[in-house]
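Q: Please take a close look at a single part of this model, and state the cut-offs behind each term as you go.

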Amino acid sequence: RVVGGWNAQPGSWPWIVSIQVPWAQGTGHICGGSLITAEWVLTAAHCFLNASYVELWRVVIGTSNLYQLGPGAQVRYIKMLIIHEHYNNVTHIHDLALLQLDQPVQCNYYIQLACVADSSVPVTKLSPCYVGGWGATYEGAKILPYILQEALVNLIDIRTCNRSDWNAWIIEKTHLCAGFPQGGTGTCQGDSGGPLICKDRTGDFYWLVGVTSWGKGCARPQLPAVYSSVQHYYNWIVSRIS
């Protein structure tokens, strides 16, 4: 999960998906993602490093509980995987992937599409922001939660994030940092690929602004989690799914 978070209410993250490997232990959950059209999911490229038999992986949409999927849940498989052609697993740059589902989902109360931020959205001015996922609830945890966790985070200025006593010059302009200077809240292993969302300044809805990418440990002081900034990749996303 998310470190420092709480159980999300059913239906409160209707675009979040759980990407699952059927032969992994427990629920099989390994990464999160966001439903951006009825048949495409946006997630992180690093979820698919050394991946095999991707066509057998499950994508679970429309639930907060991975053991009891509930009335609105739908399960799909991966028809096509597109990894960003310039993804670098050393620098973590361009850490994005798109999954085409084997058949479109039907939207309902529990399943809705994420609003993908484009270049016109003033992301750095948006507040509040939240992260969600089924990842570890503390650094080094061996067992993942089966109830979706959510947490409130602040966007942190890239210049601050890149200070020598923080992440030290490895954050690119295509990244976002989110968390708190004192740590204690943020994403962890298993949250990768999941959404960072921020509330619109005027409307009653949330923008998908980031895809969970990487961090040093989990929710450590002055080491906020790093996200791929969705608006920087808006044109790439549109060109690949159209």
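A: Strands (E, at least two residues) and helices (H or I, at least four) are DSSP runs, numbered from the N terminus. In that numbering, Thr63 sits in the loop that joins strand E5 (58-61) to strand E6 (74-83). The model is a predicted one, in which local features need pLDDT of at least 70 and side-chain atom pairs count only at pLDDT 80 or more, while totals for chains, interfaces and linings use all residues. Residues are numbered from 1 along each chain as its sequence is written, and side-chain values use heavy atoms, with hydrogens and water left out.

Thr63 has a relative accessibility of 11% and therefore counts as buried (under 20% relative accessible area, with exposed over 50% and partly exposed in between, for a 1.4 Å probe and protein chains only). Its side chain makes polar contacts (N or O atoms within 3.5 Å, one able to donate a hydrogen and the other to accept it, with sequence neighbours counted only if both atoms are side-chain atoms): the backbone oxygen of Leu69 is reached at 2.8 Å, and the backbone oxygen of Asn65 lies 2.9 Å from a polar atom of the Thr63 side chain. When residues up to four places away in sequence are not counted, Thr63 touches Gln68, Leu69, Ala73 and Trp134, where contact means heavy atoms within 4.5 Å.

With 54% relative accessibility, Tyr53 counts as exposed.
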